[in-house]
Amino acid sequence: ARSLGRAPHRVTVAVRQGLSAPVARSRYVAQVIDSPSPWADQAAFRRFLLAEARKYEVLLPVSEAAIAATATLRAELHPTRLLMPSDDALHYTLSKYHATKLAQSVGLATPPTVFLSDGSWPDGHSSDDLAPLVESLRSLGYPLLLKHDNYLSLSGKYVRGSTQKVYSPLQARALLAELREQRAQVIAQTEMPGHGAGVFLLRHHGQTVLRFAHERLHEVPYTGGVSSLRMNCHDDPLVARSEKLLAKLDYQGVAMVEFRKDQQGEPLFLEVNGRLWGSLALALHAGVDFPLQLLRCALGEPLPTTTPDYPDGLRCRNVLPGELSHLSSLLRAPSVPLHRKVGAALEQVLLSFDP
């Protein structure tokens, strides 16, 4: 909102009913309207889009639930421009299952992976039907990470994908039985020590318009997840891997390609997000304006002849709830020694005094 409102464009924000969102009080927002939650009720959100979206020149769905709903209405929302990936690209950006297969096909390293289901599950409802899938997990060993993609539940909720740590075949069988009922797409992977890293890209007409890289200094939970403290960097090999992946898709628009660097610094592909990302503020502070350039691409306006450079070492911190959640996850971990917990708490205090 700040990026586009400064341009200046007239920005209207749709905020879930009952949500007190900071963006609703932004000086760069001209209007705020209430919307149903695309996570809680996809049908109601689609009706909302049909009633409201065509009043505007451009629609930018931000969450994956909003993107999924908008994708079902592409023809009906014409001539409003939709700033989101194509249906072919969404096949990968909304699915770790398919994205991991794609990454492996272009030579990117991934954690050891077992592909459990693409949404086609064995017929029947007996837990015995899942025995071959549970047996296939033996190659990874326990504990392992069971990851399911977003899915539209029978009740109309768009359920966010999640990663669950599994300690035994019995627990794996129980989780797979639940996911079979929802026809979810599921993979299992070995948990890899290390830290997160990401590449942000904007592609238009087969060319990269913007590129940006960052590493995660703090994550939620502390063992790996979304970043609460991140630092930008230049990582040409990682950018090249990411561009190779998106070029395979002939990808158009913005994307974040996410990796986990193991203890030797080797990047392992995790997923590709076809939307604006939670650490967008870091790129904006560094002068790399993804929302504005994305809009200019859609409107056919002149684009920069070269991708803008940026200084290394800028840090961006999400204190509430990010950093507090990071610290909480670390303090509650029984395997973390006391001296590390005390050091982490002290670090949070010192960071709060660092301008």
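Which elements cover the buried residues of helix α10? In this predicted model, the cover includes α1 (2-6), β3 (58-59), β11, β12, β14 (253-261) and α9 (280-285), where contact means heavy atoms within 4.5 Å. Residues are numbered from 1 along each chain as its sequence is written, and side-chain values use heavy atoms, with hydrogens and water left out. Because the model is predicted, local features need pLDDT of at least 70 and side-chain atom pairs count only at pLDDT 80 or more, whereas totals for chains, interfaces and linings use all residues.

The buried positions in α10 are F290, P291, L292, Q293, L294, L295 and C297. Here buried denotes under 20% relative accessible area, exposed over 50%, and partly exposed in between (1.4 Å probe, protein chains only). Helices (H or I, at least four residues) and strands (E, at least two) are DSSP runs, numbered from the N terminus.

An open sheet is formed by 6 strands in the order β15-β14-β11-β12-β13-β16, with antiparallel pairing; two strands pair if DSSP finds at least two bridges between them. From one strand to the next, the twist averages 25°. Within the sheet, β11 (residues 195-204) and β12 (residues 207-220) are paired in the antiparallel sense over 8 bridges, and G198 lies opposite H214 in β12. Helix α11 (residues 319-331) packs on the sheet, where it touches β12, β13 (226-233) and β16, and its direction makes about 50° with that of β12. Axes are lines fitted to C-alpha atoms, for helices over the stretch in contact, and angles run from 0 to 180 degrees between N-to-C directions.

Two further sites concern residues with accessible surface. P122 is located in the loop between β5 (113-118) and α6 (131-136) and counts as partly exposed, at 31% relative accessibility. Apart from neighbours within four places in sequence, P122 contacts D129 and R180. The C-alpha atoms of P122 and V254 are 36 Å apart in space, and these residues are separated by 132 residues in sequence.

F353 is placed in the segment after α12 (338-352) and is exposed, with a relative accessible area of 70%. Together with L346, V349 and L350, F353 makes a nonpolar surface patch of about 450 Å². Accessible areas come from the Shrake-Rupley method with a 1.4 Å probe, and for residues only the protein chains shown count as cover.

Technical notes
Patch = residues over 30% accessible without salt bridge, like charges linked within 9 Å, V, L, I, M, F, W, Y side chains within 5 Å. Salt bridge = Lys/Arg side-chain N within 4 Å of Asp/Glu carboxyl O.
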